[in-house]
Each structure stands twice: as structure tokens, then as C-alpha cells.
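Subject: The structure I promised you

Hi there,

Here is the structure for you to open alongside this email. My notes on it follow below.

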Amino acid sequence: MQHNAGYPVENITIDNFKKVFPSSFVGQLDYVKFNGNFGDFNMNPHAGDILSYLRQHSPKIDLEIHTNGSARNYKFWRAMAESDPVIFFDLDGLEDTHCLHRVGTSFEKILKNAAAFIAAGGRAVWKMLVFEHNKQQIEECRHRAKQLGFKDFQISNDGRDHAVVFDHAGKITHTIGKPSHPPVDNAQTLMRWKREYYNNSTKYPNAPKNKIDCLAKRNNRIYMSSNGDIYPCCWLGIAPRTYDEELHLGNSQLKSLMKDAKNNAIKYGLETAMAWFNLVEESWKKNTFDSGKLYRCDMYCGKN
């Protein structure tokens, strides 16, 4: 779609995964999380092979997958249990409300896929994003999760509760909550409004805070996208250099900072791909966004 131009559409292969993370590297890992910044790990034809490779070379590793759970078949989900990951199935309500946010997914199929995974010994978690339209269903969802054998039920509020929803043609189908932007009639109109809003420095919702307490640095974590690009975290990885740098200050700042970075680990190796991280940390010393302090770092990891 034109309004999604710039999204990397690619699956990392098992061979490229091994190239970036050789067995000696995997052996010292204690945690790997697969979470869809731009997609869903279970759509990757090599998903099972990647999990098996990680489990083989780090037997005690914690593997965690977050998925909408609506793809693939019974056989696939049973096989997923063999590597013993914890899988978080995103079920945002019951049959009548789940579809309002997880557009294009099948509530019934997700439950069937989760049941196949659980029946094979898999550890499943029902994860529910809470909205105004489904909050009355929390306890019923919790009860259903227990009935169906989920090992846990978790709720989350992550700021997606006010938005317009579009179909594949970019036309509005419905609205969630009460969006703060003016009324729009399609995705292109919304993108134009966002560019105007976020390119006006007087409208940034957060002033720089005093200190960055970097979650990725504190926990010794990095983020890799499906095409092998390396970022310190998913919050920076959500704005790749190919994606609409004019849409948001966070995007344009990152593109400027990374202009000479060789951050693709498949092409350059992991050490070279991480070399630009020191520029991120240097930016934290700046006092304002205009002078170079990264907006996304301040927004997500800034502390007073």
C-alpha cells in the first residue's frame, strides 16, 4: 500500500540467522523474544528451524513469542511446542470485540491454534489489550483462558485506545475510542495531518527529561529486524531508515544519526552493525531535541 511505503517485507532465513548468531554466540544467551514490530514471527517459513537452533545451542534459554496467532495450521502449532517457547496469543476480547483491533484475524482460529499448541505441551499466555469497547469482558476472558489451559492471562494498556481503523485500500472502516486528531476520511489525509503536527516543534508532547535510563543497555539487549538490521531496541527499530522520515521527529532524527551506519548484520556482521550505538548514547547528553537528543529515547526511557 502506498501509505505503508518503506516497510521492509522480508523473512530472515535460518542460514542468515546462523550467520548473524553463530552457535558460540547463542550459547551465552539466556533470553530471546520474537515480537512483531512490522510482522509476525510465525509467518516466517523458518520459524521452527530458528527456535530449534536456539534451543539446541542454549538448552536453558527462555524463548518468548508474541503473535496474533491467526496464521498457519494445526501441525505447525503442535510442532512449535517442541522447542518449549512461551507463546503470548494476542486476544483482545471475545468474538464480538477482538476483531475491532486485530483486523483480519479469526478469533475462532486463534483459539484452535492455541489449543493445538497447548495440547502438545506448549506454554500459552492469553494477552489482552484493554480498550473501552472490551474492558467489560476482562473477567470472562480470564475465565475462558483458564478453561482452555492457558498458563497465564495478562492485560495491557499500551496507548492504542484512540485511533481510526483503515482497510487495505486506506479507507476508514471504524473508530476506536476518541482520536485526538481532526476528522479524516482516509489514511492519506491522516498521514498529511501527522506530518504537519509532528514537524511543528512547539507541539511535541514531551519536553526532554533529565536522564535516560536505557532499558536495552540495562538488560544487555539488542533488536534485530526481519531483514537483519540491528538497533539498540524496538522503539528505535520502529523507525527504519527506509520509512517516511518526514512523518515524525523520531524518524528524521534517527535517519540523520545513522547516515553512515552499517547496521545490517547479515551484510557487515554483528559487531560492525552495532558500532553506531555509541552515537545514541552520546545524544543523551544533549539538552534539547533540536540539538540532537533522541526524541524516542527520551519518550520511552527518560526519567525525571
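A question to start with: is cysteine 99 buried, partly exposed or exposed? Cysteine 99 is partly exposed, and its relative accessible area is 37%. Please keep in mind that this is a predicted model.

On to the cysteines in general. A disulfide is a covalent bond joining the sulfur atoms of two cysteines. Searching the whole structure turned up zero disulfides. For cysteine 99, the closest cysteine sulfur belongs to cysteine 141 and lies 13 Å away, so the two are too far apart for a bond. Cysteine 301 is in no disulfide either, with the sulfur of cysteine 214 as its nearest at 5.3 Å; the cut-off for a disulfide is within 2.5 Å.

Now the overall fold. The protein chain holds 15 helices and eleven strands. Along the principal axes, the C-alpha atoms fill a box of roughly 55 × 50 × 40 Å. Of the contacts with a separation of 6 or more, 66% are between residues 24 or more positions apart.

Last, burial, surface and charge. Of the 304 residues, 43% count as buried. The accessible surface is about 16500 Å², with 49% of it belonging to carbon and sulfur atoms. The chain has 40 positive and 34 negative charges, and their mean positions are 3 Å apart.

Best wishes

Technical notes:
Residues are numbered from 1 along each chain as its sequence is written. This is a predicted model: local features need pLDDT of at least 70, side-chain atom pairs count only at pLDDT 80 or more; totals for chains, interfaces and linings use all residues. Side-chain values use heavy atoms; hydrogens and water are left out. Buried means under 20% relative accessible area, exposed over 50%, partly exposed in between (1.4 Å probe, protein chains only). Helices (H or I, at least four residues) and strands (E, at least two) are DSSP runs, numbered from the N terminus. Contact means heavy atoms within 4.5 Å. Accessible areas come from the Shrake-Rupley method with a 1.4 Å probe; for residues, only the protein chains shown count as cover. Lys and Arg count as positive and Asp and Glu as negative; His and the chain ends are not counted. The place of a charge is taken as NZ of Lys, CZ of Arg, CG of Asp or CD of Glu.
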